[in-house]
Amino acid sequence: YVLDNYLATELHHHFDDYIVRENIWSKTNQVSSGSPTGLPHHSFWGATYFRDGMTLEKDMDKLHTMFPYYLNRRLQTEFGFKWVRFQYMGLNSQTQGLHGTCHQDCPPEDEWNISFLYYTNKFWEDAWGGDLRFYSTTEHGIHARDNNKEIASVKFKPNRLIMFDGRIPHGADAPTTKARYVDRKSVVVRGDEVRLVDKEEFYDANDRLSYI
């Protein structure tokens, strides 16, 4: 599912400006290869907001978690679910040459998973590439792109939200040389299991939003 213009323009631009200035980035967002060399299939610039236990409340006093907390809460409320087994929320940044290799976000048996990608860039040209590609099977490295395994693709577009089944093999193209120094930035939110809920469950007895 693809939703364009997901956030109000002011909020979208504010968040992009903020993460550009953030100092939480590191070259650690990887898809492991299992190679005896220890080298990964791919390695992006990234930043981790939350992982596994989803203990967001303890981090609310930290400025850099305010927007991630809001976005996570908004996704659950608008799409009517709560995390049962949350996995990860963080940032990706790809520059020229940093192609995302074919991978899956969760094991095949996790039928109630969900994955989101939100694209934070304020501006992007079609000629800069950066498509998200979906594949019929998982192949190591970038071979799925070379072996005609692609079954669908979604263009990279500012303020675009993508929701999909994380079991589907996928990978994101790096920007082309025409993008020069511009990076392809995205927010990743995913979990291995969710449960569907009614709107009433998002509120406590005092009609306040429940942040559980």
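Biologist: Let's start with strand β8. Which of its residues are buried on each side?
Modeller: Strand β8 covers residues 161-164, with Leu-161 and Met-163 buried on one face and Ile-162 and Phe-164 buried on the other. Buried means under 20% relative accessible area, exposed means over 50%, and partly exposed is in between, with a 1.4 Å probe and protein chains only. Strands here are DSSP runs of E with at least two residues, helices are runs of H or I with at least four, and both are numbered from the N terminus.

Biologist: Why two sides?
Modeller: In a regular strand the side chains alternate between the two faces of the sheet.

Biologist: Before we go on, where do the coordinates come from?
Modeller: This is a predicted model, in which local features need pLDDT of at least 70 and side-chain atom pairs count only at pLDDT 80 or more, while totals for chains, interfaces and linings use all residues. Residues are numbered from 1 along each chain as its sequence is written, and side-chain values use heavy atoms, leaving out hydrogens and water.

Biologist: What is the mean pLDDT?
Modeller: The chain has a mean pLDDT of 84, and 77% of its residues reach 70 or more. pLDDT is the predictor's confidence in each residue, from 0 to 100.

Biologist: Where does pLDDT stay under 50?
Modeller: Over residues 207-212. Where pLDDT is low, the predicted coordinates should not be read in detail.

Biologist: Back to β8. Which way does β5 run against it, parallel or antiparallel?
Modeller: Antiparallel: β5 (residues 114-119) is joined to β8 by four bridges, and Ser-115 has Phe-164 as its bridge partner. Strand β1 (residues 2-3) also runs antiparallel to β8, with two bridges, and there Leu-3 is partnered with Leu-161. Two strands pair if DSSP finds at least two bridges between them.

Biologist: And what is the order of strands in the open sheet?
Modeller: The order is β7-β6-β9, with antiparallel pairing. Its edge strands are β7 (150-154) and β9 (170-172), each pairing on one side only.

Biologist: Now the inside. How many residues are in the largest nonpolar core?
Modeller: It has 24 residues, and those with the most contacts inside it include Trp-83, Met-89 and Phe-116. A nonpolar core is a set of buried Ala, Val, Leu, Ile, Met, Phe, Trp, Tyr and Cys residues joined through side-chain atoms within 4.5 Å. Strand β4 gives the largest share of this core, five residues. A second, separate core of 15 residues includes Trp-124, Ile-162, Phe-164 and Val-188.

Biologist: What about Asn-121, buried or exposed?
Modeller: Asn-121 counts as buried because its relative accessible area is 3%. Asn-121 sits in the loop between β5 and β6, and a polar atom of its side chain is 2.9 Å from the backbone nitrogen of Lys-185. Among the residues that Asn-121 touches are His-12, Asp-16 and Phe-156; contact means heavy atoms within 4.5 Å.

Biologist: Last topic: what is phi of Asn-5 near?
Modeller: Phi is near 50° there, a positive value in a residue other than glycine. Most residues other than glycine have a negative phi. Asn-5 lies in the loop between β1 and α1 and is exposed, with a relative accessible area of 58%. Arg-180 has a positive phi too, about 55°, and is exposed at 62% relative accessible area.

Key:
Polar contact = N/O pair within 3.5 Å; in protein donor to acceptor, adjacent residues only side chain to side chain. Lists of a residue's contacts leave out its neighbours within four places in sequence.
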